[in-house]
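Trainee: Let us go through this model one question at a time. Please end each answer on the value or name I ask for.

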Amino acid sequence: MTTTNGTPDPEAGHPVTGLDEVVHQRARLGILTIAHEAHRVEFGYLRTHLDLTAGNLSKHLSVLETAGLIEIQKGYEGRRGRTWITLTAAGNTALANEIARLKQLIARVETTNGQ
Amino acid sequence: MTTESVPAGGDPRRLLSDIRSLAHQVRLDQRMTWVALLVLGAVTLVGIPFDWLGMTVHCRPDTSCEFARRGVLLYWPPALLLAYTAIAVCYMRAARARGLGARTLPYAIAGAATTVVFTTAWIAAALYFPDHPLPDQPLPYRWLILDRLVSPWSMIGIALVVLARIERNLGLLLFTLAYLALVLLVLPMNEGWGLAGWELQARFAVPQVISGALLLLGAAGFFRAARRQQR
């Protein structure tokens, strides 16, 4: 059920079977998308733009970090603690795969509806 | 681990739409287009006195004149490198304050590369022409455009195209194409422009004032647009 590497093969069964459970979740997908686009992103930006509580966001970040999809760096700017999140190469691949699978799913649904 | 993990009907489309709008929001939050245009507009206007004072003009009795724009060669290379450094630093600081990273390296590289191209072309011309006959006047159109292309004012536009690509900023791309059309095809950046009786320095200043003013107007426009988006 979990694929994190390689390009999804459109001939390899239903696209749902290729979805990555770690990534296929609204908040985590949002984290990966923002980290991909921003190069690196701060905890506060993610919390605000994904409308999550600090605790909830921390849990999602922990899942992604354990899966090796993001790296978390903690530090200080002046007296203020800041947590920066960076996408790893595996995270980049996982995000690309997820988007490809979602597009496949949409295409399949549209094909089915059209028949 | 599996909260919300199974897509309900229609969810893939919504997820993709969410991804796109998040990515778009990040790009908007990273943009500091007006700063880039403000710095480049200011650099253009500040460069005018350098061009004016550094220009050497030798007019012959037949009213034809030879000139050398040494001020351009002395002012623009360091000014452009400083400008691109300042823009990159502003982008990084602003993005960091918003909690984001910034992708300024390609723009800084493009800025440095265009500065090298312009400087090399102008030094080559300065070394070549004193010992070789000047080309027949008027110059063929393609040479005229090529001469304008390797000028600092056009190189600013080339680097702005790279910035528009990095920011995926259609507004900046359209503005830059209009700016490039102006400095390449309309304004006589390499011939000067003005009323009869104006000295050569003043004629060369006019196109620079117009291009600098356009960049500053662009900065004001993008600043207003950014403020509107933040509200």
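Trainee: What share of the contacts in chain B with a separation of 6 or more comes from residues 24 or more positions apart?

Mentor: The model is predicted. Chain B has eight helices and two strands, in the order α-α-β-β-α-α-α-α-α-α from the N terminus. Among its contacts with a separation of 6 or more, the share from residues 24 or more positions apart is 73%.

Trainee: How far apart are the end C-alpha atoms of residues 104–129 of chain B?

Mentor: The unreviewed UniProt entry lists residues 104–129 of chain B as a "transmembrane region". In the model, that span is 92% helix and 0% strand. Its end C-alpha atoms are separated by 38 Å.

Trainee: How much of the accessible surface of chain B belongs to carbon and sulfur atoms?

Mentor: Of the 231 residues in chain B, 42% count as buried. The accessible surface of the chain comes to about 12500 Å². Carbon and sulfur atoms hold 68%.

Trainee: Which element gives the most to the side of chain A that touches chain B?

Mentor: The contact takes 31 residues from chain A and 31 residues from chain B. Chain A and chain B bury about 2800 Å² between them, and R26(A), E37(A) and Y45(A) supply 27% of the area that chain A buries there, more than any other three residues. The count of salt bridges between the two chains is four, and one joins the side chains of E37(A) and R27(B) at 3.0 Å, N to O. With nine residues, the element that gives the most to this side of chain A is α1(A).

Key. Residues are numbered from 1 along each chain as its sequence is written. Chains are lettered from A and ligands numbered from 1 in the order in which they are written. This is a predicted model: local features need pLDDT of at least 70, side-chain atom pairs count only at pLDDT 80 or more; totals for chains, interfaces and linings use all residues. Side-chain values use heavy atoms; hydrogens and water are left out. UniProt positions are given in the numbering used here, feature names are shortened, and annotations may be inferred rather than shown by experiment. Helices (H or I, at least four residues) and strands (E, at least two) are DSSP runs, numbered from the N terminus. Buried means under 20% relative accessible area, exposed over 50%, partly exposed in between (1.4 Å probe, protein chains only). Contact means heavy atoms within 4.5 Å. Accessible areas come from the Shrake-Rupley method with a 1.4 Å probe; for residues, only the protein chains shown count as cover. Buried area is the accessible area (1.4 Å probe) that two parts lose on being put together, summed over both.
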